[in-house]
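Let's take a look at a protein model together and see how some of its side chains pair up. Have the sequence and the 3D view ready.

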Amino acid sequence: MSTIAQNTLLPKQPPISNGVLGMIILIITESMFFAGLISAYVVNRAGVIDWPPFDQPRLPVLVTGVNTVFLITSGLTLLFARKRFLSNKNPMPLFFITMVLGLLFVGIQGYEWVKLIGYGLTASSSIYGSFFYTIIGMHGFHVLIGLSFLIYLWVIVKKNISKENTIRKINSCSLFWYFVVLIWPILYGLIYLDI
């Protein structure tokens, strides 16, 4: 049998794994969801003279800026963890740092919300408050989902059953975390910095 005939009989490896393809489809869907929220926010903001409303508390720009650095750094540590895994080095410390930075981000956001509610910014205090808690809250929800993916990766990498299978899972789960990390600066600029 010729080499060409043998190659046509072998099952072809898909260009990307099913997990990555599924995650890309999910991220496209989630991007449209956030695009809808952002466009509604921009349209409502454009229709009002004073934005944010004069009687509403101001958002903690500096603290959230530092928190933004934590989230972006978590994306970098996850990228380096993947590289370490591919080069047969221990990625666990970097996975751990990624999770800690993600938890720190959520903790600071939660603390921020408690303070803002105490200052009078609630979902029912104004349309500004409604948009803030909806958009930032949905991002926080996505961070929690991303953290669950990171915990899943932690367990999978620790078991290290099959390198090929593990890297496919790292690739698909990492995509979601990168989405969460990359959409945050847009939300921070739009909501907190009023760009």
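About how many helical turns separate Glu-164 and Arg-168 in helix H6? Being four residues apart in that helix, Glu-164 and Arg-168 have about one helical turn between them. Keep in mind as you read that this is a predicted model.

**Two salt bridges**

Side chains of opposite charge can pair when their charged atoms come close. Searching the whole structure turns up two such salt bridges.

| Salt bridge | Closest N and O atoms |
|---|---|
| Arg-45 with Asp-194 | 3.0 Å |

Start with Arg-45 and Asp-194, which form a salt bridge. Arg-45 sits in helix H2, which covers residues 18-46, while Asp-194 is in the segment after helix H6 (163-192), so this pair ties together parts that are 149 residues apart in sequence.

Asp-194, at 34% relative accessibility, counts as partly exposed.

Arg-168 has a relative accessible area of 34%, so it is partly exposed.

**The largest pocket**

Arg-168 turns up again here: it is one of the residues lining the largest pocket. That pocket has a volume of about 210 Å³. Its lining also includes Gln-13, Pro-14, Pro-15, Ile-16, Ser-17, Asn-18 and Gly-19, along with Asn-165, Lys-169 and Ser-172.

Which helix gives the largest share of this lining? That's H6, with four residues. H2 and H6 each supply at least two residues of the lining. Sort the lining residues by type and you get three nonpolar, six polar and two charged.

**A nonpolar patch on the surface**

Besides being part of the pocket lining, Ile-16 belongs to a nonpolar patch on the surface, together with Leu-21, Ile-24, Ile-25, Ile-28 and Met-32. Together, these residues have about 530 Å² of accessible area.

With 33% relative accessibility, Ile-24 counts as partly exposed.

How values were computed:
Residues numbered from 1 in each chain as written. Predicted model: local features only at pLDDT ≥ 70, side-chain atom pairs only at ≥ 80, totals over all residues. Heavy atoms only, no water. Salt bridge = Lys/Arg side-chain N within 4 Å of Asp/Glu carboxyl O. Buried < 20%, exposed > 50% of the residue type's maximum accessible area, 1.4 Å probe, protein only. 1 Å grid on protein atoms, 1.4 Å probe; cavity = no way out; pocket = protein on both sides within 12 Å on 5 of 7 lines; lining within 4 Å. Points joined across faces, edges and corners; volume = space filled by probe spheres on them. Nonpolar A, V, L, I, M, F, W, Y, C, P; charged D, E, K, R; others polar. Patch = residues over 30% accessible without salt bridge, like charges linked within 9 Å, V, L, I, M, F, W, Y side chains within 5 Å. Areas by Shrake-Rupley, 256 points an atom, 1.4 Å probe, with all protein chains shown as cover.
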